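Here is a short report for a first look at one structure. Please keep the sequence and the 3D view side by side while reading.

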Amino acid sequence: MASITASIDHRTTLLENQLRFFQSAFELAQKDPVKGYLVDLKYNNNTAAHFKDLLARHQIRYLTNNRDRKVDGKDFEKGTSIIIPTAQANYRLVKVIFDETKTYVDSVFYDGSGNSIAYLYGFSYASLKQGVDNGESDQSSAINPQAIALTRSNYAYLVDWRQEGAAWLLSQLLQRGILVKSASSPFELSDQGRTIGFDYGSLLIPIQGQPISADELFDLLQKLNKRGNITITSASTGYSGKGIDLGSSGFKSLAPQNALLLTGNGISAYEAGEVWYTFERQLEQPILRLNLDQFSRVNLEEYQVLVLASGEYTGLSSAAIERIRAWVKNGEH
(Lines give C-alpha, C1' and ligand atoms only; values in the text may rest on other atoms or scores of the structure.)
Protein backbone atom coordinates (compact mmCIF):
# COMPACT_ATOMS: atom_id res chain seq x y z
CA MET A 1 0.00 0.00 0.00
CA ALA A 2 2.90 2.34 0.76
CA SER A 3 4.33 1.73 -2.73
CA ILE A 4 0.96 2.41 -4.38
CA THR A 5 0.44 5.57 -2.37
CA ALA A 6 3.96 6.81 -3.21
CA SER A 7 3.37 6.09 -6.92
CA ILE A 8 0.19 8.18 -6.87
CA ASP A 9 1.86 11.03 -5.02
CA HIS A 10 4.80 11.06 -7.47
CA ARG A 11 2.89 10.06 -10.60
CA THR A 12 4.04 13.13 -12.56
CA THR A 13 7.71 12.38 -11.89
CA LEU A 14 7.29 8.70 -12.72
CA LEU A 15 5.52 9.46 -16.02
CA GLU A 16 8.22 11.98 -16.96
CA ASN A 17 10.90 9.37 -16.21
CA GLN A 18 9.10 6.83 -18.39
CA LEU A 19 8.80 9.35 -21.23
CA ARG A 20 12.52 10.17 -21.05
CA PHE A 21 13.30 6.43 -21.03
CA PHE A 22 11.57 5.87 -24.37
CA GLN A 23 12.78 9.15 -25.89
CA SER A 24 16.38 8.28 -25.05
CA ALA A 25 15.93 4.93 -26.83
CA PHE A 26 15.82 6.72 -30.20
CA GLU A 27 18.90 8.73 -29.28
CA LEU A 28 20.80 5.54 -28.42
CA ALA A 29 19.61 3.86 -31.62
CA GLN A 30 20.87 6.77 -33.69
CA LYS A 31 24.37 6.36 -32.22
CA ASP A 32 24.32 2.56 -32.61
CA PRO A 33 26.16 1.31 -35.75
CA VAL A 34 23.64 -1.57 -35.91
CA LYS A 35 20.49 -0.30 -37.60
CA GLY A 36 18.55 -3.54 -37.43
CA TYR A 37 18.64 -7.33 -37.18
CA LEU A 38 17.81 -9.67 -40.04
CA VAL A 39 16.32 -12.93 -38.77
CA ASP A 40 15.86 -16.12 -40.82
CA LEU A 41 12.58 -17.94 -40.04
CA LYS A 42 12.57 -20.26 -43.06
CA TYR A 43 12.69 -23.64 -41.32
CA ASN A 44 10.91 -22.70 -38.10
CA ASN A 45 7.21 -22.10 -38.75
CA ASN A 46 6.01 -22.91 -35.23
CA THR A 47 8.91 -21.32 -33.33
CA ALA A 48 8.62 -18.27 -35.59
CA ALA A 49 5.02 -17.86 -34.44
CA HIS A 50 6.14 -17.90 -30.78
CA PHE A 51 8.94 -15.42 -31.53
CA LYS A 52 6.64 -13.02 -33.39
CA ASP A 53 4.14 -13.27 -30.55
CA LEU A 54 6.93 -12.30 -28.12
CA LEU A 55 7.74 -9.25 -30.24
CA ALA A 56 4.08 -8.25 -30.51
CA ARG A 57 3.46 -8.57 -26.76
CA HIS A 58 6.40 -6.25 -26.08
CA GLN A 59 5.32 -3.84 -28.83
CA ILE A 60 8.50 -4.41 -30.82
CA ARG A 61 8.07 -3.42 -34.46
CA TYR A 62 9.32 -5.82 -37.13
CA LEU A 63 9.17 -5.84 -40.92
CA THR A 64 8.90 -8.53 -43.57
CA ASN A 65 12.08 -8.76 -45.64
CA ASN A 66 10.98 -8.32 -49.24
CA ARG A 67 14.23 -9.05 -51.09
CA ASP A 68 16.92 -11.73 -51.03
CA ARG A 69 19.97 -10.67 -49.05
CA LYS A 70 23.37 -12.08 -48.14
CA VAL A 71 24.79 -10.65 -44.90
CA ASP A 72 27.89 -11.92 -43.08
CA GLY A 73 27.94 -14.96 -45.36
CA LYS A 74 24.36 -15.91 -44.44
CA ASP A 75 21.47 -16.08 -46.92
CA PHE A 76 18.14 -14.47 -46.06
CA GLU A 77 15.29 -15.08 -48.49
CA LYS A 78 12.48 -12.64 -49.12
CA GLY A 79 9.24 -13.56 -47.39
CA THR A 80 10.87 -16.06 -45.02
CA SER A 81 12.90 -13.57 -42.97
CA ILE A 82 12.09 -10.46 -40.96
CA ILE A 83 13.89 -7.23 -40.06
CA ILE A 84 13.76 -5.76 -36.55
CA PRO A 85 14.86 -2.10 -36.68
CA THR A 86 16.80 -0.75 -33.71
CA ALA A 87 15.22 2.72 -34.07
CA GLN A 88 12.15 2.15 -31.95
CA ALA A 89 10.88 2.85 -28.45
CA ASN A 90 11.90 -0.59 -27.19
CA TYR A 91 15.45 -0.28 -28.52
CA ARG A 92 16.92 -1.58 -25.27
CA LEU A 93 14.84 -4.76 -25.35
CA VAL A 94 15.80 -5.36 -28.99
CA LYS A 95 19.45 -5.19 -27.96
CA VAL A 96 18.82 -7.62 -25.10
CA ILE A 97 17.22 -10.13 -27.47
CA PHE A 98 20.31 -10.13 -29.71
CA ASP A 99 22.89 -9.46 -26.99
CA GLU A 100 26.20 -11.21 -27.61
CA THR A 101 28.22 -9.51 -24.87
CA LYS A 102 30.85 -11.93 -23.57
CA THR A 103 32.89 -9.71 -21.24
CA TYR A 104 31.71 -7.43 -18.43
CA VAL A 105 33.41 -4.72 -16.42
CA ASP A 106 31.79 -6.01 -13.24
CA SER A 107 32.64 -9.66 -12.53
CA VAL A 108 29.52 -10.13 -10.41
CA PHE A 109 26.31 -10.34 -12.48
CA TYR A 110 23.25 -12.51 -12.87
CA ASP A 111 24.15 -15.68 -14.77
CA GLY A 112 21.59 -14.99 -17.50
CA SER A 113 22.86 -11.53 -18.37
CA GLY A 114 24.77 -12.64 -21.44
CA ASN A 115 22.25 -15.12 -22.83
CA SER A 116 20.93 -14.19 -26.28
CA ILE A 117 17.20 -14.83 -26.62
CA ALA A 118 17.68 -15.24 -30.37
CA TYR A 119 20.06 -18.14 -29.71
CA LEU A 120 17.40 -19.67 -27.50
CA TYR A 121 15.04 -19.79 -30.47
CA GLY A 122 17.78 -21.17 -32.70
CA PHE A 123 17.38 -18.61 -35.47
CA SER A 124 20.14 -17.56 -37.83
CA TYR A 125 20.47 -13.78 -37.78
CA ALA A 126 22.80 -10.97 -38.82
CA SER A 127 23.29 -7.30 -37.98
CA LEU A 128 22.39 -4.65 -40.54
CA LYS A 129 24.72 -1.66 -40.64
CA GLN A 130 22.74 0.32 -43.24
CA GLY A 131 19.46 2.04 -42.51
CA VAL A 132 16.25 0.05 -42.95
CA ASP A 133 14.35 1.21 -46.05
CA ASN A 134 10.64 0.96 -45.39
CA GLY A 135 10.07 1.00 -49.14
CA GLU A 136 11.69 -2.41 -49.42
CA SER A 137 9.96 -3.96 -46.43
CA ASP A 138 6.42 -3.81 -45.12
CA GLN A 139 4.98 -4.23 -41.67
CA SER A 140 4.27 -7.89 -40.88
CA SER A 141 0.74 -8.71 -39.82
CA ALA A 142 0.74 -12.52 -39.90
CA ILE A 143 1.69 -13.94 -36.50
CA ASN A 144 1.41 -17.60 -37.53
CA PRO A 145 3.27 -18.45 -40.76
CA GLN A 146 1.72 -21.45 -42.49
CA ALA A 147 3.50 -24.22 -44.36
CA ILE A 148 2.94 -24.54 -48.10
CA ALA A 149 -0.10 -26.69 -48.93
CA LEU A 150 0.79 -30.22 -50.01
CA THR A 151 0.30 -31.23 -53.64
CA ARG A 152 -0.07 -34.82 -54.84
CA SER A 153 2.96 -36.68 -56.19
CA ASN A 154 3.20 -39.89 -58.18
CA TYR A 155 6.82 -40.46 -57.21
CA ALA A 156 7.78 -39.32 -53.70
CA TYR A 157 7.50 -36.64 -51.02
CA LEU A 158 10.45 -34.78 -49.47
CA VAL A 159 10.98 -33.02 -46.13
CA ASP A 160 14.01 -30.84 -45.42
CA TRP A 161 15.52 -32.00 -42.11
CA ARG A 162 16.33 -28.39 -41.11
CA GLN A 163 12.65 -27.86 -40.35
CA GLU A 164 11.91 -27.93 -36.63
CA GLY A 165 8.96 -30.29 -37.14
CA ALA A 166 10.85 -32.83 -39.28
CA ALA A 167 11.72 -35.07 -36.32
CA TRP A 168 8.09 -35.09 -35.16
CA LEU A 169 6.91 -35.98 -38.66
CA LEU A 170 9.45 -38.81 -38.90
CA SER A 171 8.26 -40.21 -35.56
CA GLN A 172 4.62 -40.13 -36.70
CA LEU A 173 5.40 -41.90 -39.96
CA LEU A 174 7.58 -44.63 -38.46
CA GLN A 175 5.01 -45.38 -35.77
CA ARG A 176 2.50 -46.00 -38.58
CA GLY A 177 4.87 -48.31 -40.44
CA ILE A 178 5.48 -45.88 -43.32
CA LEU A 179 8.66 -46.39 -45.35
CA VAL A 180 10.95 -43.36 -44.89
CA LYS A 181 14.48 -42.83 -46.16
CA SER A 182 17.15 -40.31 -45.10
CA ALA A 183 19.58 -38.41 -47.33
CA SER A 184 23.28 -38.99 -46.65
CA SER A 185 24.25 -35.73 -48.38
CA PRO A 186 22.63 -32.49 -49.63
CA PHE A 187 20.83 -32.30 -52.97
CA GLU A 188 18.71 -29.95 -55.05
CA LEU A 189 15.49 -30.36 -57.03
CA SER A 190 13.97 -28.13 -59.69
CA ASP A 191 10.27 -27.43 -59.39
CA GLN A 192 8.38 -25.09 -61.74
CA GLY A 193 11.45 -23.03 -62.50
CA ARG A 194 12.70 -22.71 -58.92
CA THR A 195 15.48 -24.62 -57.21
CA ILE A 196 14.79 -26.21 -53.83
CA GLY A 197 17.74 -27.25 -51.66
CA PHE A 198 17.65 -30.10 -49.14
CA ASP A 199 20.24 -30.65 -46.41
CA TYR A 200 21.78 -33.71 -44.75
CA GLY A 201 19.19 -36.05 -43.24
CA SER A 202 16.30 -34.81 -45.36
CA LEU A 203 13.44 -37.30 -45.55
CA LEU A 204 12.30 -39.18 -48.64
CA ILE A 205 8.84 -40.78 -48.51
CA PRO A 206 8.41 -42.90 -51.69
CA ILE A 207 5.02 -43.78 -53.13
CA GLN A 208 6.04 -47.34 -53.98
CA GLY A 209 6.73 -49.95 -51.33
CA GLN A 210 4.34 -48.50 -48.75
CA PRO A 211 1.91 -50.57 -46.62
CA ILE A 212 -0.89 -48.20 -47.70
CA SER A 213 -2.12 -46.93 -51.05
CA ALA A 214 -0.92 -43.73 -52.73
CA ASP A 215 -4.25 -42.04 -51.90
CA GLU A 216 -4.06 -43.08 -48.23
CA LEU A 217 -0.45 -41.86 -48.02
CA PHE A 218 -1.42 -38.49 -49.51
CA ASP A 219 -4.32 -38.11 -47.07
CA LEU A 220 -2.05 -38.99 -44.13
CA LEU A 221 0.64 -36.52 -45.19
CA GLN A 222 -1.99 -33.82 -45.69
CA LYS A 223 -3.20 -34.26 -42.12
CA LEU A 224 0.34 -34.28 -40.70
CA ASN A 225 1.27 -31.29 -42.88
CA LYS A 226 -1.54 -29.19 -41.39
CA ARG A 227 -1.13 -30.46 -37.83
CA GLY A 228 2.64 -30.00 -37.67
CA ASN A 229 2.81 -26.91 -39.90
CA ILE A 230 5.56 -28.58 -41.92
CA THR A 231 6.50 -27.95 -45.55
CA ILE A 232 6.38 -31.21 -47.53
CA THR A 233 7.61 -31.04 -51.13
CA SER A 234 6.17 -33.22 -53.90
CA ALA A 235 8.75 -34.71 -56.26
CA SER A 236 7.81 -35.31 -59.89
CA THR A 237 11.06 -37.08 -60.79
CA GLY A 238 13.83 -39.08 -59.18
CA TYR A 239 16.57 -37.03 -60.81
CA SER A 240 18.24 -34.26 -58.83
CA GLY A 241 19.53 -31.07 -60.36
CA LYS A 242 22.51 -31.31 -58.03
CA GLY A 243 23.65 -33.96 -55.55
CA ILE A 244 22.31 -37.48 -55.03
CA ASP A 245 19.35 -38.77 -57.06
CA LEU A 246 16.26 -39.90 -55.16
CA GLY A 247 16.59 -43.51 -56.30
CA SER A 248 20.27 -43.81 -55.41
CA SER A 249 21.94 -45.60 -52.50
CA GLY A 250 22.53 -42.17 -51.01
CA PHE A 251 19.17 -42.58 -49.27
CA LYS A 252 19.04 -45.06 -46.38
CA SER A 253 15.86 -46.61 -45.00
CA LEU A 254 15.01 -45.67 -41.42
CA ALA A 255 13.64 -48.01 -38.76
CA PRO A 256 11.51 -47.26 -35.66
CA GLN A 257 13.57 -46.61 -32.54
CA ASN A 258 12.63 -47.77 -29.03
CA ALA A 259 14.02 -45.36 -26.43
CA LEU A 260 14.93 -45.91 -22.79
CA LEU A 261 15.56 -43.13 -20.22
CA LEU A 262 17.24 -43.83 -16.89
CA THR A 263 16.00 -41.88 -13.86
CA GLY A 264 16.41 -42.00 -10.09
CA ASN A 265 18.66 -40.79 -7.30
CA GLY A 266 21.73 -38.89 -8.48
CA ILE A 267 20.30 -38.14 -11.94
CA SER A 268 19.28 -34.58 -12.83
CA ALA A 269 15.49 -34.44 -12.59
CA TYR A 270 15.50 -31.27 -14.74
CA GLU A 271 17.31 -32.91 -17.65
CA ALA A 272 15.40 -36.18 -17.37
CA GLY A 273 12.15 -34.22 -17.34
CA GLU A 274 13.24 -32.25 -20.40
CA VAL A 275 14.00 -35.47 -22.29
CA TRP A 276 10.68 -36.99 -21.23
CA TYR A 277 8.80 -33.84 -22.33
CA THR A 278 10.63 -33.75 -25.68
CA PHE A 279 9.77 -37.35 -26.49
CA GLU A 280 6.19 -37.56 -25.26
CA ARG A 281 4.94 -34.01 -25.87
CA GLN A 282 7.00 -32.65 -28.77
CA LEU A 283 7.85 -35.79 -30.73
CA GLU A 284 4.84 -37.76 -29.46
CA GLN A 285 7.22 -40.70 -29.32
CA PRO A 286 6.91 -43.26 -26.49
CA ILE A 287 9.92 -43.53 -24.18
CA LEU A 288 10.34 -45.93 -21.25
CA ARG A 289 11.39 -44.23 -18.00
CA LEU A 290 13.26 -46.66 -15.79
CA ASN A 291 14.73 -46.18 -12.31
CA LEU A 292 18.32 -47.25 -11.78
CA ASP A 293 17.32 -49.97 -9.33
CA GLN A 294 15.16 -51.60 -12.05
CA PHE A 295 17.83 -51.59 -14.74
CA SER A 296 18.75 -55.25 -14.24
CA ARG A 297 15.19 -56.30 -15.19
CA VAL A 298 15.15 -54.73 -18.66
CA ASN A 299 16.31 -56.42 -21.86
CA LEU A 300 18.54 -53.84 -23.52
CA GLU A 301 18.38 -55.62 -26.86
CA GLU A 302 14.77 -54.44 -27.24
CA TYR A 303 15.96 -50.81 -27.33
CA GLN A 304 17.97 -48.85 -29.87
CA VAL A 305 18.37 -45.63 -27.86
CA LEU A 306 19.55 -45.20 -24.26
CA VAL A 307 19.33 -41.67 -22.85
CA LEU A 308 21.63 -40.81 -19.94
CA ALA A 309 20.97 -37.36 -18.47
CA SER A 310 23.55 -35.62 -16.27
CA GLY A 311 24.14 -37.37 -12.97
CA GLU A 312 26.40 -39.58 -10.87
CA TYR A 313 24.89 -43.02 -11.68
CA THR A 314 26.39 -44.50 -8.52
CA GLY A 315 23.35 -46.77 -8.39
CA LEU A 316 24.59 -48.72 -11.41
CA SER A 317 26.64 -51.77 -10.54
CA SER A 318 29.80 -52.71 -12.42
CA ALA A 319 27.83 -55.54 -14.04
CA ALA A 320 25.22 -53.05 -15.28
CA ILE A 321 27.90 -50.78 -16.73
CA GLU A 322 29.42 -53.74 -18.52
CA ARG A 323 25.99 -54.60 -19.95
CA ILE A 324 25.76 -51.10 -21.44
CA ARG A 325 29.25 -51.36 -22.94
CA ALA A 326 28.43 -54.71 -24.53
CA TRP A 327 25.11 -53.36 -25.84
CA VAL A 328 26.89 -50.42 -27.54
CA LYS A 329 29.53 -52.71 -29.08
CA ASN A 330 26.97 -55.18 -30.40
CA GLY A 331 24.91 -52.70 -32.43
CA GLU A 332 24.64 -49.28 -34.00
CA HIS A 333 23.02 -47.26 -31.22
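Is Glu284 buried, partly exposed or exposed? Glu284 is partly exposed, with a relative accessible area of 29%. Keep in mind that this is a predicted model.

## Two residues with positive phi

Glu284 is not a glycine, yet its phi is positive, at about 55°. Look for Glu284 in the loop that runs between helix 8 (269–282) and strand 17 (287–291).

Asp72 also has a positive phi, near 55°, and is a residue other than glycine. Asp72 belongs to the loop between strand 3 (69–71) and strand 4 (74–76). Its relative accessible area is 62%. The cut-off for exposed is over 50%, so Asp72 counts as exposed.

## An enclosed strand

Turn now to strand 5, residues 81–85. How many of its residues are buried? The count is 5 of the 5, so strand 5 is largely enclosed by the rest of the structure. In a regular strand, side chains alternate between the two faces of the sheet. Both faces of strand 5 are covered. One side holds Ser81, Ile83 and Pro85, and the other holds Ile82 and Ile84. Each of these residues is buried.

Strand 5 has pairing partners. Strand 1 (residues 36–40) pairs with strand 5 in the antiparallel sense, over 5 bridges. Strand 2 (residues 63–65) is also antiparallel to strand 5, with 2 bridges.

## Two nonpolar cores

The largest nonpolar core has 21 residues. Within this core, Tyr157, Leu173 and Ile205 have the most contacts. Which elements give two or more residues to the core? They are strand 8 (156–159), helix 6 (166–175), strand 12 (203–206) and helix 7 (214–228). Helix 6 provides the largest share, 6 residues.

A second core is separate and has 18 residues. Val39, Phe51, Tyr62 and Ile84 are among them. Two of these names came up above.

An open sheet contains 3 strands, in the order 11-10-14, and its pairing is antiparallel. Strand 11 (194–198) and strand 14 (242–243) stand at the edges. Each has a single partner strand, so one side of each lacks a neighbour in the sheet.

Strand 10 (residues 187–191) pairs with strand 14 over 2 bridges, in the antiparallel sense. Here Glu188 stands opposite Lys242 of strand 14.

## Ser253 and its contacts

Ser253 lies in strand 15 (residues 251–253). Which residues does Ser253 contact, leaving aside neighbours within four places in sequence? They are Leu179, Val180 and Lys181.

Gln163 gives another reference point for Ser253. The two residues are 90 residues apart along the chain. Their C-alpha atoms are separated by 20 Å.

Finish at the start of the chain. Met1, Ile4 and Ile8 make a nonpolar surface patch of about 360 Å². Ile4 is part of helix 1, which covers residues 2–9.

Conventions: Residues are numbered from 1 along each chain as its sequence is written. This is a predicted model: local features need pLDDT of at least 70, side-chain atom pairs count only at pLDDT 80 or more; totals for chains, interfaces and linings use all residues. Side-chain values use heavy atoms; hydrogens and water are left out. Two strands pair if DSSP finds at least two bridges between them. Helices (H or I, at least four residues) and strands (E, at least two) are DSSP runs, numbered from the N terminus. Contact means heavy atoms within 4.5 Å. A nonpolar core is a set of buried Ala, Val, Leu, Ile, Met, Phe, Trp, Tyr and Cys residues joined through side-chain atoms within 4.5 Å. Buried means under 20% relative accessible area, exposed over 50%, partly exposed in between (1.4 Å probe, protein chains only). Patches are made of residues with over 30% relative accessible area and no salt bridge: like charges are joined within 9 Å, nonpolar side chains (Val, Leu, Ile, Met, Phe, Trp, Tyr) within 5 Å. Accessible areas come from the Shrake-Rupley method with a 1.4 Å probe; for residues, only the protein chains shown count as cover. A salt bridge is a side-chain nitrogen of Lys or Arg within 4 Å of a carboxyl oxygen of Asp or Glu.
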